[in-house]
Amino acid sequence: MATRTRRFVVGLNRLAHPFTQAHLTMSGPFDIDCSPPTAELLEVAKNELRETPEVRAAAIEELRKLLKASDLSFPDDDEFLLIYLRPTKFYPESALKLMRNVAEFNKTHKDLLHNLMPADCKDVFVEHGLINIFTNRDQSGRRLMVVHMGELWNTKQVTEDQIFRALYTIQKLAVLEAATQINGAVVIYDFKGMGMGHVSAMSTSGAKRLLTFIQEACPLRMKAVHFVNEPMIFNMVWKLFKPFVKEKLNKRMFFHGEKMAKLHEHIHKEFLPANYGGSLPALTYGGKDWYPAAEKHIDFIKKWNTCGFK
C-alpha cells in the first residue's frame with residue numbers, strides 16, 4: 001500500500017450544496033427516479049454543467065445534426081441526447097465523441113454486451129448480492145453504489161465477466177435519472193474477506209475493460225471511487241488496474257482500508273449505513289430488492305441496445 005498515494009481532502013464535501021435530506025431519498029425505496037429535475041437540480045446543472053434553457057436547446061439541436069451526419073446510430077429524442085450532453089457539459093462535439101466511444105466499446109465487447117437484458121444478469125443481483133445501490137443519496141445528491149469483491153463473491157459461481165455485465169446494466173438504468181445525470185455517482189468497492197481465490201478470478205483484460213468503460217464509454221459523472229477493507233493482497237489487484245487509470249480518475253480514487261473515518265471525509269456518516277461506520281441502519285436490502293426496478297424499464301433498455309454504428 002505504501003507505493004500508492006493516499007488522497008484525503010478533509011472537509012471537501014462539506015461545502016454548501018443546495019440539497020436537503022428530503023431531496024436525497026428516492027421516490028420509493030427501490031425505484032428508478034424518473035422525475036424531471038427540480039429547480040434546485042437545475043441550479044446545480046447551471047453552475048456545474050453550463051446548463052440553461054438556451055444552452056440546452058442549442059446543444060440538443062446541434063448534437064442531433066452532428067449525429068445525423070455521422071456513421072452512428074443512436075436515438076435522437078431530446079431526453080436521450082441529454083444523457084450524453086450533461087456529462088460533457090453541453091459541448092455537442094464532446095457528446096458525439098462520447099457516443100462514438102460507447103459504440104466502439106459495445107462493438108469491441110459485443111460477445112458480452114450485445115442485446116444484454118436484465119434477465120441475463122439476474123443471478124448476480126438476486127442470488128449473490130454482489131452489487132447494492134443505497135436507497136438514499138449522499139450529501140451532494142449523488143447516487144451511491146457498493147460492489148462486494150471479497151467474501152460475498154463466490155468465484156466458482158460468478159465470473160468477473162458476469163459482474164461487469166451487471167455493472168453495465170446498472171449504468172443503463174442510472175442514466176434514466178436526471179438527478180444522477182446532474183449530480184453523478186459514487187462507487188464503493190468493498191474487499192472485506194478477499195482471498196487468493198478472488199485475486200486469481202481477476203484478469204488484466206477484465207481490469208482494462210472496466211476502466212475503459214468507466215473513463216471513456218460511460219455517460220455518467222463518476223465523482224469518486226472508494227476502496228474499503230482492502231487486505232494486504234489487494235496490492236496484487238491494484239497492479240492489474242493501475243496501468244489503466246488515467247489522471248482524472250486517479251484524482252478521484254481513495255483508499256481507506258478499515259478506517260471508515262477517512263471515508264466519512266468524503267461521504268458524511270449521516271448518509272452511510274452502519275456497515276461503513278455510518279449513522280443509518282445496517283443494510284438489510286440488496287440486489288434482489290432492486291432487480292424488479294430493472295424489469296420495469298425493459299423498453300428503455302431495448303432502446304439503449306440499439307446504440308451503435310449504422
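Strand β4 is mostly covered, with 6 of its 6 residues buried. This is a predicted model, so please read every value below as computed from that prediction.

**Strand β4 and its partners**

- Ala185, Val187 and Tyr189 sit on one side of β4, Val186, Ile188 and Asp190 sit on the other, and all of them are buried, leaving both faces of the strand covered.
- On one flank, β4 runs parallel to β3, and 6 bridges join the two.
- Within that pairing, valine 147 has tyrosine 189 of β4 as its bridge partner.
- β4 also pairs with β5, again in the parallel sense and over 6 bridges.
- Here isoleucine 188 stands opposite histidine 226 in β5.

**The sheet as a whole**

- What is the order of the strands in this open sheet? Its 5 strands follow the order β2-β3-β4-β5-β6, and the pairing is mixed.
- The edges belong to β2 (131–133) and β6 (253–257); each has a single partner strand, so one side of each is left without a neighbour in the sheet.
- From one strand to the next, the twist averages 20 degrees.
- As background, strands of a sheet pair through backbone hydrogen bonds, either parallel or antiparallel.

- Isoleucine 133 stands opposite methionine 145 in β3.
- Valine 228 has glycine 257 of β6 as its bridge partner.
- Is β6 buried or exposed? In β6, 5 of the 5 residues are buried, so this strand is largely enclosed by the rest of the structure.
- Met253, Phe255 and Gly257 point one way from β6, while Phe254 and His256 point the other way, and all are buried.

**The nonpolar core**

- The largest nonpolar core holds 101 residues, and Phe74, Tyr84 and Tyr189 have the most contacts inside it.
- Helix α7 (residues 160–174) gives the largest share of this core, 8 residues.
- Why does the core lie between the two domains? Domain 1 (39–114) and domain 2 (118–301) both give residues to it, so it lies between them.
- Tyrosine 84 gives a view of the surroundings: leaving aside neighbours within four places in sequence, it is in contact with Phe74, Ala95, Leu98, Met99, Val102, Pro219 and Trp304.
- In soluble globular proteins, nonpolar side chains tend to be buried together.

**Helices α7 and α10**

- Helix α7 packs with helix α10 (residues 204–216) at an angle of about 5 degrees, and their axes are 11 Å apart.
- α7 and α10 are therefore roughly parallel to each other, since angles under 35 degrees count as roughly parallel.
- On the α7 side, the contact is made by Glu160, Asp161, Phe164, Leu167, Tyr168 and Gln171.
- On the α10 side, Gly206, Arg209, Leu210 and Phe213 take part.

**The two domains**

- The domain assignment gives domain 1 (39–114) and domain 2 (118–301).
- Their C-alpha centres lie 24 Å apart.
- The contact between the domains takes 20 residues from domain 1 and 19 residues from domain 2.

**Two loop residues to look up**

- Aspartate 76 lies in the loop between β1 (72–73) and α3 (78–85), and is partly exposed, with a relative accessible area of 37%.
- Beyond neighbours within four places in sequence, aspartate 76 is in contact with Arg64, Leu67 and Leu81.
- Aspartate 76 and leucine 176 are 100 residues apart in sequence and 15 Å apart in space, C-alpha to C-alpha.
- Lysine 192 lies in the loop between β4 (185–190) and α9 (196–200), and is partly exposed too, with a relative accessible area of 47%.
- Leaving aside neighbours within four places in sequence, lysine 192 is in contact with Gly150, Glu151, Val228 and Asn229.
- Lysine 192 and glutamate 230 are 38 residues apart along the chain, and 6.5 Å separates their C-alpha atoms.

Key. Residues numbered from 1 in each chain as written. Predicted model: local features only at pLDDT ≥ 70, side-chain atom pairs only at ≥ 80, totals over all residues. Heavy atoms only, no water. Pairing = 2+ DSSP bridges. Helix = DSSP H or I, 4+ residues; strand = E, 2+ residues; numbered from the N terminus. Axes fitted to C-alpha atoms, helices over the stretch in contact; angles between N-to-C directions. Buried < 20%, exposed > 50% of the residue type's maximum accessible area, 1.4 Å probe, protein only. Core = buried A, V, L, I, M, F, W, Y, C linked by side-chain atoms within 4.5 Å. Domains from an automatic or database assignment. Contact = heavy atoms within 4.5 Å. Parallel < 35°, antiparallel > 145°, perpendicular 65-115°, else oblique.
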